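Reader: I have a chain on my screen and some questions about its fold. Can we go through them one by one?

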Amino acid sequence: MRLIHMHTVRFTGAALAAIPLALGALTTQSSAQEPSPSPSGTFGSGCSALSQKADTAKDKVVDAAAAYPQLSQLVSAAVRAHLTDTLNGKSDITVFAPDNDAFKKVTASQLSSLLSNEGQLKKVLSYHVVDKKITPDQLSNGSFTTVEGGKLTTSGSGSDFKVNGKASIVCGNIKAANATIYVVDSVLQPPS
């Protein structure tokens, strides 16, 4: 009788070990088709790599961006272009925020030229800002007028979105007190 009991325990243990494996396969398959947003509402493959120093939902947009080390070049450029007060003073804006890797894609000479020309820098950075709140649902097939005055388009579905057909949103729907931030992997250029 004791032998049967031990055999049952082994079988039950093996069966219990198989259940998480089967559930893991179902979860992986399901998430590959349609990844769901995180509990904070953010989405995108880059959100886990986007470490922050604090909760940013109560901070104005430039202060919120400053909490993310990966957005330090954008924050520095906004300060250099004297856009901090302007951006922090607006309400319900959307910022397509290039991360530090996006700035690395710009050649050193182009970046140097841009950073030394305040008017051009302000124009490029203002092209990343839309003067209204854009929800993730509006990204599928969106066309928006930027603060700079040019048009910006978004496309995609699930958690895979592009801006102007080229830049990927690597982490989206980050909340700030006066803005929604979508982190992009390229510096967007206004139409000439």
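Reader: In which strand is N173 found?

Author: A word first: this is a predicted model. N173 has a positive phi of about 70 degrees, although it is not a glycine. The residue is found in strand β6.

Reader: Is N173 buried or exposed?

Author: The cut-off for buried is under 20% relative accessible area. N173 has 10% relative accessibility, so it counts as buried.

Reader: H82 is another residue other than glycine with a positive phi. Is H82 buried or exposed?

Author: Phi of H82 is near 55 degrees. H82 is found in the loop between α3 and α4 (84–89). Exposed means over 50% relative accessible area. H82 has 53%, so H82 is exposed.

Reader: Let's step back to the whole chain. In what order do the elements run from the N terminus on?

Author: The chain has seven helices and seven strands. From the N terminus on, the order is α-α-α-α-β-α-α-α-β-β-β-β-β-β.

Reader: What share of the chain's contacts with a separation of 6 or more is between residues 24 or more positions apart?

Author: The chain has 192 residues, and buried ones make up 39% of them. Among contacts with a separation of 6 or more, residues 24 or more positions apart account for 63%.

Reader: How many residues of strand β7 are buried?

Author: β7 covers residues 179–184 and is mostly covered. A179, I181 and V183 point one way from the strand, and T180, Y182 and V184 point the other way. Both sets are buried.

Reader: Which residue in β7 is the bridge partner of V95?

Author: Strand β1 (residues 93–98) runs parallel to β7. Six bridges join the two strands. The partner of V95 in β7 is I181.

Reader: And which residue in β7 is the bridge partner of C171?

Author: Strand β6 (residues 167–175) runs antiparallel to β7, with four bridges between them. The two strands form a hairpin with three residues between them. The partner of C171 in β7 is V183.

Reader: G46 lies in the loop between α1 (2–33) and α2 (61–66). Which residues is G46 in contact with, leaving aside neighbours within four places in sequence?

Author: G46 counts as buried, at 18% relative accessibility. G46 and V170 are 124 residues apart in sequence, yet 4.7 Å apart in space, C-alpha to C-alpha. Leaving those sequence neighbours aside, the contacts of G46 are V170 and C171.

Reader: Is the crossing of α3 and α7 left-handed or right-handed?

Author: The angle between the two helices is about 130 degrees. The crossing of α3 and α7 is left-handed.

Reader: Which residues of α7 are buried?

Author: An α-helix has 3.6 residues a turn, so residues three or four places apart point the same way. In α7, L121 and L125 are in the contact with α3. What covers the buried residues of α7 includes α3, α6 (108–115) and β2. Those buried residues are L121, V124, L125 and S126.

How values were computed
Residues are numbered from 1 along each chain as its sequence is written. This is a predicted model: local features need pLDDT of at least 70, side-chain atom pairs count only at pLDDT 80 or more; totals for chains, interfaces and linings use all residues. Side-chain values use heavy atoms; hydrogens and water are left out. Axes are lines fitted to C-alpha atoms, for helices over the stretch in contact, and angles run from 0 to 180 degrees between N-to-C directions. A crossing is left-handed if the near helix is turned anticlockwise from the far one by less than a right angle, and right-handed if clockwise. Contact means heavy atoms within 4.5 Å. Buried means under 20% relative accessible area, exposed over 50%, partly exposed in between (1.4 Å probe, protein chains only). Two strands pair if DSSP finds at least two bridges between them.
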